[in-house]
Amino acid sequence: MWLSVHTVCLGSRTVSRRSVAAALLKCSKHRENVSLFSHSAAAQTCKALQFRNHGDPSKVVQLEDVDLPPIGENDVLVKMLAAPINPADINMIQGTYAILPDLPAVGGNEGVAQVVEVGRNVTSLKTGDWVIPKDSGLGTWRTEAVLSEGDVIPLPNDIPLLSAATLGVNPCTAFRMLSDFEELKPGDSVIQNAANSGVGQAVIQIAAARGINTINVVRDRPEFTQLSDRLKAIGGTHVIKEEAMRRPEMRELFKTCPKPKLALNGVGGQSATELLRHLQLGGSMVTYGGMAKKPVTVPVSALIFKDVKVRGFWVTQWKSDHSSDGRAFRAMLDELCQLIRQGKLTAPACTEVSLQDFNKALDAAMQPFISAKQVFIM
């Protein structure tokens, strides 16, 4: 699905174009520090976080010099600006994700980069443009990359860099789930677990911009009140603890908020079952993650008496399905960027780190109850 016949040399290995094509990204307050450079004057290598075996990220990821190939007629040289660490990145390194690059591989699936030089046949991009990957599995944790023109899509550079760096995965996932499964109108409700995740925060903000209520479920923690306040501040209607879904107070909640048409499940296990119990007749539960690493159990009563629909969503598959016609992806990015300009969609809380501090960043990204996303600044 994501492998390509266009290959380039990276050090001692040959990899698919898309295995290289994710080197892109830099964070908001650093925009004024971005500068262009000449490929002819630059070193012919880049710094990259590479892994040669699957396993514990803290043990298998290393910061290495990686050769840059020549710029082909249809290629662009980009300077990576910023690249986040997402759960899928960790799973790829561990070898447990649905798609895995050939080894050795550069980590990272998401980010934003600036075009430094373009090949003679490149028509859709110019020097200075910001770009993000069109697909995942591309290896964005690096300082520079030579990419095919067709592997990236331009992004307006009038939005904050942290927003640009984290736009291609979580906000796109949230946007599609809110758009493609139920016809939601202002005043309708959505219930979701993992509400403090990157996807969850994007769901809250996009739904709020559309006038849709959100019931946001999070695990209990010492700082629950602070988390609840933060999620409400970005537009969350209700914030509740996991255990509250099994308590009578849910009946009180639904006296002021309609039962949800849509449930979004990023956890699995008992949490997903409880989401199903609160769906209205004929509603849909869409599963996009399984952080609990437990199967989704569907009550027979939910199927027979409520006719609920149980679906799945993977943004990588959506991008693949729409790769031949980029208009849907372009329209989605344009709408998301407009929300960002209006102040209605912000990046999740981020911690900016350098590539040299990758061990610290990877360790932090794997800790429970961490709301801040680790973002590499190149």
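The model is a predicted one, in which local features need pLDDT of at least 70 and side-chain atom pairs count only at pLDDT 80 or more, while totals for chains, interfaces and linings use all residues. Residues are numbered from 1 along each chain as its sequence is written, and side-chain values use heavy atoms, with hydrogens and water left out.

**The chain as a whole**

- The secondary structure comes to 13 helices and 18 strands, where helices (H or I, at least four residues) and strands (E, at least two) are DSSP runs numbered from the N terminus.
- Of the 378 residues of the chain, 55% count as buried; buried means under 20% relative accessible area, exposed means over 50%, and partly exposed lies in between, with a 1.4 Å probe and protein chains only.
- Among contacts between residues at least 6 apart in sequence, 73% join residues at least 24 apart, a contact being heavy atoms within 4.5 Å.

**Helix 5 and its two partners**

- Helix 5 (residues 170-180) has nine of its eleven residues buried, so it is largely enclosed by the rest of the structure; the buried residues are Asn170, Pro171, Cys172, Thr173, Ala174, Phe175, Arg176, Met177 and Leu178.
- Two packed helices are described by the angle between their axes and the distance between the axes; here the axes are lines fitted to C-alpha atoms, for helices over the stretch in contact, and angles run from 0 to 180 degrees between N-to-C directions.
- Helix 5 packs with helix 6 (residues 198-209) at an angle of about 50 degrees, with their axes 8 Å apart, and the two are therefore oblique to each other. Angles under 35 degrees count as roughly parallel, over 145 as roughly antiparallel, 65 to 115 as roughly perpendicular and the rest as oblique.
- The residues of the contact of helix 5 with helix 6 divide into ten nonpolar, three polar and no charged, with Ala, Val, Leu, Ile, Met, Phe, Trp, Tyr, Cys and Pro counted as nonpolar, Asp, Glu, Lys and Arg as charged, and the others, Gly among them, as polar.
- The axes of helix 5 and helix 12 (residues 327-341) come within 11 Å and cross at roughly 105 degrees, which makes helix 5 roughly perpendicular to helix 12.
- Pro171, Cys172, Phe175 and Arg176 in helix 5 meet Phe329, Met332, Leu333, Glu335 and Leu336 in helix 12, and this contact has seven nonpolar, no polar and two charged residues.

- The buried residues of helix 7 (residues 224-233) are Phe224, Leu227, Ser228 and Leu231. They cover an arc of only 100 degrees around the axis, which puts them on the same side of helix 7; the arc is that of the directions from the helix axis to the C-beta atoms.
- On the other side of helix 7, Thr225, Gln226 and Ala233 are exposed, while the cover over its buried residues includes helix 6, strand 12 (213-218) and strand 13 (238-241).
- In helix 3 (residues 87-94), the buried residues are Asp89, Ile90, Met92 and Ile93, and seen down the axis they fall within an arc of 160 degrees, so they line one face of the helix.
- These buried residues of helix 3 pack against strand 3 (45-51), helix 2 (57-60), strand 4 (61-67), strand 5 (75-84) and helix 13 (358-365).

- Leucine 276 lies in helix 9 (residues 269-278) and, at 0% relative accessibility, counts as buried.
- Leaving aside neighbours within four places in sequence, leucine 276 is in contact with Met285, Thr297, Val298, Pro299, Lys306, Val308 and Val310.

**Backbone details**

- The peptide bond from leucine 103 to proline 104 is cis, with omega near -5 degrees, and proline 104 is in the loop between helix 3 and strand 6 (105-106).
- Lysine 293, although not a glycine, has a positive phi of about 55 degrees; lysine 293 is found in the loop between strand 15 (284-287) and helix 10 (300-304) and is exposed, with a relative accessible area of 74%.
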